Amino acid sequence: MTSSAYPNFKIHFAGLFRQAGNHITTLDTSIRIELARTKQASHGDYSCNLAMQLAKPLHKNPREIASLLINALPPSPYLEKIEVAGAGFINLFLKNSAKQQYLQHVLQSKTAFGHSDFGQGKKIQVEFVSANPTGPLHVGHGRGAAIGASLSSILAAAGFNVSREFYVNDAGRQMDILTLSTWLRYLELNNIRVPFPENAYQGNYVKTMAQLIQQAHDQRYVHQPALLLEDLSENIHETGINTDEQLDQLIASAKKILGQDYAYIHNFVLTEQLGDCRNDLMEFGVEFDTWFSEQSLFDNGLVAHTIQLLEKKHYLYLQDGAVWFRSTDFGDEKDRVVQRENGQFTYFASDIAYHLNKFERGFDQMINIWGADHHGYIARVKGALQALELDPEKLEIALVQFAVLYRDGKKAPMSTRSGEFVTLRELRQEVGKDAARFFYVMRKSDQHLDFDLDLAKSQSNENPVYYVQYAHARVCSVLVQWDGDMNNLVNASAEALSSSAELALLQKLIDFPDTVEMAAKEFSPHLIAFYLRELASEFHSYYNSTRFLVPEIPLQHARLALIASIREVLNNGLRLLGVSAPDKM
RNA sequence: GUGCCCGUAGCUCAAUUGGAUAGAGCACCAGCCUUCUAAGCUGGGGGUUACAGGUUCGAUCCCUGUCGGGCAUGCCA
């Protein structure tokens, strides 16, 4: 909520144009009246294209309509000049005083400046990361984490009631593979040689977990490993273990041999990985309101219930021993299995149950942030929603393209199974949290991201993170040397701010709430990153051209109020991105 | 093969979703520190928006086709 009554100029003028439009004709409700910021100063501050939209239905020249609209426009205390331009644009020029008085609004609103009630308190859920807890997060997860966290903050600032959620895949085969992998490493520690499957988890963290189990429980979980190999085919010693069937046999054997103890190890590795993941994300400035367990959907019968619902609605059929969902009824390219021949539910089945549960929790809107490799998955999930008579429009899938790391101008390798991948933790250690968070959201999320490690590390003008932070630190430094009472700035007259640079900066500050709103509307955190860089650029330029600590007090206070406002906006914007705003650099 | 996404300056990307003369940062060239932080600033060259059509007052954006790239096409998660 904005703390003062100062208007949003776009909304203010749009309201006036609606009145004017209704005065000259009956406005079709489908017409959206939009005020756009102009690109050139000669076009004023805002422009409206309503006249061009009306040209066709009214069968009149757009310039003529523009004149009619201007004549019918109610007076505004903020408007200096209004004129028709080009093909029929209506350009609006703000009074300098309107811009100057805005500073007080910024300084009074403080950290709330940029907030709006655009979202009207609607309940919105953002589900992101949701990585399998089977190993450390890697740099691909990092981008989803950064985008999800930033988007959540932006939505909250724009007036949504945001809930951040991590879906924990704690029920599937991958968890079994990790459990098996850990136990095998544990057996190795106890000097029992068993072949380690090539397609099991190879990473060192598995060995670490095995060591932890050994330290806590010594040989308690050794049991009878010889049994482990009994069921396997004879030739494994020649070819190694590398097929899915062999791995599944090993898992089955492990369950048989360990009995009750299997659950202990399963739970141990899950807790360990989840804790590590949570820790990692927290250090990255990413936190969740809810960690939702996939297993819980099975435990409370929701998966079975969901399948029954689909069955009742006749969207399921049996073929080749498996149960299929008719997703082709909803535009998917083929039907999908929900229950396998062996009786096990697929990941898709629990995912349908999960989304049903989300709807039951009453969110007005849900956003899933998925890796771009999941795009083929959208049709079947939305199809399932339709089958359950839920509104698929309420679910927005935001696809995030992968980040590719570059070092010395070359692609840095990363893979998930070999144990050789680049982890998020390593990335943070190498470039720092701030640079990582900023770089991840610098590009539109559905665009590939080339992550230049050398650039992110460089402490120079090439690095956009430092560029923005430096602007903040510079303002802090000036205000420290001024050493005055901030209240004097809040109440200072800004009349002395009349240079083109100063007026442009004022307009830039006015743009901030609109930018946050746009970023929320379009689910586009990158708009904040671009905005901050532009604001920092204008500030640096201003800093070099103008002295702030001048002897004339009214002028000094006006300029200090301006840069203090800039600092506020830099701070607020950086916080939305999870990047710190240092006082000194 | 089919489906989705993408193609903008030498490189990496924007462009308020159909608006006015398509903008930034790198890189390259030339300048600015005795004064609030040079992690900064000022100036310069750089484009048939992959290509060909179409829709309209107006197209980087929408439609069709061609070429090029990415991803997906499991009873995996």
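This is a predicted model: local features need pLDDT of at least 70, side-chain atom pairs count only at pLDDT 80 or more; totals for chains, interfaces and linings use all residues.
**The whole chain**

Start with everything shown. The C-alpha trace of chain A spans about 90 × 60 × 40 Å along its principal axes. Colour by secondary structure: chain A holds 24 helices and 15 strands. Switch to a surface view next. Of the 585 residues in chain A, 52% are buried. Among contacts in chain A with a separation of 6 or more, 73% link residues 24 or more positions apart.

**Domains**

Now colour by domain. Domain 1 covers 9-94, and domain 3 covers 173-275. Domain 2 is written in two segments, 100-118 and 460-576.

**The five-stranded sheet**

Select S5, S6, S7, S11 and S12. They make an open sheet, in the order S7-S6-S5-S11-S12, and the pairing is parallel. Which strands stand at the edges? Strand S7 (290-293) and strand S12 (395-400) do. Each has a single partner strand, so one side of each has no neighbour in the sheet.

Zoom in on S5. Is this strand enclosed or open? Four of its five residues are buried, so S5 is largely enclosed by the rest of the structure. On one pairing, S5 and S6 run parallel and are joined by five bridges. Pick glutamate 127 there: glutamate 165 in S6 stands opposite. Follow the chain through S5, H6 and S6 and you trace a right-handed β-α-β unit.

Now take the pairing of S5 with S11. These two are parallel, over four bridges. Isoleucine 124 has glutamine 365 in S11 as its bridge partner.

Strand S11 (residues 365-371) pairs with S12 in the parallel sense over six bridges. Select methionine 366 here; its bridge partner in S12 is leucine 395.

Move on to strand S13, residues 403-407. S13 runs parallel to strand S15 (residues 449-452), with four bridges joining them. Valine 404 stands opposite aspartate 450 in S15.

S13 also pairs with strand S14 (residues 410-411), this time antiparallel and over two bridges. Arginine 407 stands opposite lysine 410 in S14. The S13 and S14 hairpin has two residues between the strands. Select aspartate 408 in that hairpin: its phi is positive, near 50°.

Most residues other than glycine have a negative phi.

Select histidine 59. Its phi is near 55°, a positive value in a residue other than glycine. Histidine 59 sits in the loop between helix H2 (50-58) and helix H3 (62-72). Buried or exposed? Histidine 59 counts as exposed because its relative accessibility is 72%.

Then select phenylalanine 523. Its phi is also positive, near 50°. Phenylalanine 523 lies in the loop between helix H22 (500-521) and H23. Its relative accessibility is 15%, so phenylalanine 523 counts as buried.

**Histidine 526**

Stay with H23 and select histidine 526, which belongs to this helix of residues 526-545. Histidine 526 is buried, with a relative accessible area of 11%. Show what surrounds it. Leaving aside neighbours within four places in sequence, histidine 526 contacts Val441, Met442, Arg443 and Lys444.

**Tyrosine 201**

Finish at tyrosine 201, in the loop between helix H7 (173-189) and helix H8 (204-217). Tyrosine 201 counts as buried, at 7% relative accessibility. Which side chain makes a polar contact with that of tyrosine 201? Glutamine 174 does, at 2.7 Å. Last, draw a C-alpha to C-alpha distance from tyrosine 201 to leucine 178. The two are 23 residues apart in sequence and 6.2 Å apart in space.

Terms used. Residues are numbered from 1 along each chain as its sequence is written. Chains are lettered from A and ligands numbered from 1 in the order in which they are written. Side-chain values use heavy atoms; hydrogens and water are left out. Domain bounds come from an automatic or database domain assignment. Two strands pair if DSSP finds at least two bridges between them. Buried means under 20% relative accessible area, exposed over 50%, partly exposed in between (1.4 Å probe, protein chains only). A crossover is right-handed if, with the strands pointing away from the viewer, the path from the first strand over the helix to the second runs clockwise. A polar contact is a pair of N or O atoms within 3.5 Å; within protein, one must be able to donate a hydrogen and the other to accept it, and residues adjacent in sequence count only if both atoms are side-chain atoms. Contact means heavy atoms within 4.5 Å.
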